[in-house]
Each structure stands twice: as C-alpha cells, then as structure tokens.
Protein chains: 2
Amino acid sequence: MIPSKNTKFSLASPITQTTFCDLADLFKLFSDNTRLRILCCLFPKEQCVKNIAAALHMTPSAISHQLRLLKQGKLVKTQRIGQTIIYSLADEHVQSIFNQGLNHVQEGK
Amino acid sequence: MIPSKNTKFSLASPITQTTFCDLADLFKLFSDNTRLRILCCLFPKEQCVKNIAAALHMTPSAISHQLRLLKQGKLVKTQRIGQTIIYSLADEHVQSIFNQGLNHVQEGK
DNA sequence: TTAATATATGAACATGTATTCATATATCTG
DNA sequence: CAGATATATGAATACATGTTCATATATTAA
C-alpha cells in the first residue's frame with residue numbers, strides 16, 4: 001500500500017514491510033563514519049583487522065566489532081590465513097552504493 | 001590517508017573527514033524504516049503531511065519530526081499552499097540512492 | 001607446553017534517536 | 001474576531017548504538 005502502482009520498482013516487485021526493514025538495515029551499515037572508512041579501506045584491496053585499525057587510528061577491538069556488523073550484513077566476507085583474518089568486500093554493490101551517496105554529497109547536496 | 005590513491009573517486013577528489021561525516025549523515029537519513037516509507041510516498045508525487053501520515057498509519061506529529069530531518073538533509077523540499085505544506089523530493093539522487101540499495105537487498109544481498 | 005600474536009566477544013557506559021503527548025504557530029472560514 | 005484545520009516543536013520516554021576495557025579463543029613459534 002505504501003508504494004504506488006506507478007513507480008518503476010514496485011512494478012518489478014512490490015516493496016513489502018520486510019523489504020523496507022532490510023533496506024533500512026542496509027543503509028544503517030553505511031550510516032556510521034567508522035564503517036564507511038573501513039569499507040573505503042577495502043576498496044583498493046583486502047585487509048586484515050590490524051591494518052584497518054592502524055589505518056583508521058583505532059583499536060582492533062573497535063574495528064572488530066564493526067567488521068562483525070558488516071559481515072552480518074553481508075557487506076564483507078572473510079578468509080583466514082594463519083592467525084590473521086582477511087576482510088574483503090562481499091560484492092561490487094557495496095562500492096556502488098558508496099559512490100552513489102558520494103556523488104550526492106559532493107555535488108553540494 | 002584513508003582512501004588509497006588508486007580508487008576512482010579519490011582520484012577525482014580525495015575524501016576528507018568532513019566528507020565521510022556528510023556521507024554518514026546522508027545514509028543515516030535512509031537508515032530508518034519510517035523515513036524510507038516517507039520517501040517512497042514522495043516518489044510518485046508530492047504530498048502533504050496529513051496524507052503521508054494517513055498512508056503510513058502514523059501521527060502527523062511523528063511524520064513532521066521525520067520530515068524536518070529529511071528537509072535539513074536536503075532530501076526533500078517544501079511548498080506552502082494555504083494551510084497545507086507540500087513536501088516533494090529535492091532531486092533525482094534520492095530515488096537513485098534508494099533504488100541502488102533496493103537492488104542490493106532484492107538480489108538476495 | 002609456554003609465550004606471543006591476531007582476532008573476537010561480553011559487559012558497561014555514554015550518547016543518539018524515534019515516537020508520544022502537550023502545546024504552539026499559522027492559515028482559513030464564518 | 002472566534003473556531004477549526006494543518007503543521008511544527010519541545011520535553012519526556014524508551015530503545016538502539018559505538019567505544020572501551022577486560023577477557024576469551026585461535027594460531028604460530030620456540
């Protein structure tokens with residue numbers, strides 16, 4: 001009932017309440033400064049927790065907590081190599097969404 | 001120092017800490033169920049507060065509070081016609097960002 | 001096994017946030 | 001003007017969230 005019949009997206013597939021929640025949860029992951037900077041770290045190449053923490057001047061614990069959220073939201077994936085756990089972007093959508101927001105912000109909004 | 005030299009966006013313009021904050025603030029506006037549904041209401045056509053509230057089965061007060069945030073973030077704009085204030089999307093970017101997120105969510109994430 | 005390193009996790013704390021309720025402002029009608 | 005309607009706003013409440021700190025788990029090296 002929320003999405004009108006005439007919008008592009010709702011023609012393809014109507015937006016359920018569950019979808020709205022999923023969508024809000026997705027954007028919530030992009031709504032924190034630290035998480036954005038973590039994702040940004042992962043754009044050029046995969047990284048271990050320690051390196052991300054160093055790059056952001058934050059504790060590995062704080063980064064680990066945020067990485068857990070990003071992983072739960074399927075924005076990043078992991079790969080263990082010995083003691084270290086390598087984090088990388090789950091797919092290209094992540095950077096697409098980031099860039100879309102960046103465009104808006106950088107165009108003076 | 002956060003964005004590597006080799007990423008597309010940072011070549012065009014480096015991402016400052018201020019930009020990260022602006023970006024986080026932008027996504028924060030998309031990170032709430034109610035605000036997403038409000039924006040969705042505005043996709044097909046401009047709407048007054050009362051109608052949005054009715055469509056979402058919420059109080060005009062709650063909607064007004066959220067509309068204020070959306071307006072502060074320049075996602076919507078207003079136009080007064082007599083007693084009623086008509087809200088509409090500020091630009092096409094809003095729906096672009098929404099759709100980009102929707103694609104990700106609907107592709108099973 | 002013991003020590004060291006990398007990461008994860010739970011509790012606690014401080015801060016932020018969405019809604020409600022009461023009330024205020026603004027516009028229109030009579 | 002008074003009354004009705006549309007919207008906005010401030011305070012209060014309940015709940016969510018990010019970081020820190022202490023501690024736990026897992027892997028490697030000696």
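Predicted model: local features only at pLDDT ≥ 70, side-chain atom pairs only at ≥ 80, totals over all residues.

Me: Why is the contact of Lys28(A) with Asp25(A) called a salt bridge?

Reply: The term asks for a side-chain nitrogen of Lys or Arg within 4 Å of a carboxyl oxygen of Asp or Glu. In Lys28(A) and Asp25(A) the closest N and O atoms are 3.9 Å apart, so the pair meets the cut-off. The structure holds two salt bridges over all chains.

Me: Which pair in chain B forms a salt bridge, and how far apart are the closest N and O atoms?

Reply: That is Lys28(B) with Asp25(B), at 3.9 Å. These two residues are three apart in helix 2 (residues 17-29) of chain B, which means about one helical turn separates them. A helix here is a DSSP run of H or I with at least four residues, and a strand is a run of E with at least two, both numbered from the N terminus.

Me: What makes Lys28(B) partly exposed?

Reply: Buried means under 20% relative accessible area and exposed over 50%, with partly exposed in between (1.4 Å probe, protein chains only). Lys28(B) has 40%, so it falls in the middle class. Asp25(B), also at 40%, counts as partly exposed.

Me: How do you know that strand 2 and strand 3 of chain A pair?

Reply: Pairing needs DSSP to find at least two bridges between the strands. Strand 2 (residues 76-81) and strand 3 (residues 84-89) of chain A have six, in the antiparallel sense, so they qualify. One of the bridges joins Ile81(A) to Thr84(A). Two residues lie between the strands of this hairpin, where Gly82(A) takes a positive phi near 65 degrees.

Me: And in chain B, what makes strand 1 and strand 2 edge strands?

Reply: Chain B has an open sheet of three strands in the order 1-3-2, with antiparallel pairing. Strand 1 (47-48) and strand 2 (76-81) each pair on one side only. Strand 2 meets strand 3 (residues 84-89) of chain B over six bridges, and Val76(B) has Leu89(B) as its bridge partner.

Notes: Residues numbered from 1 in each chain as written. Chains lettered and ligands numbered in written order. Heavy atoms only, no water.
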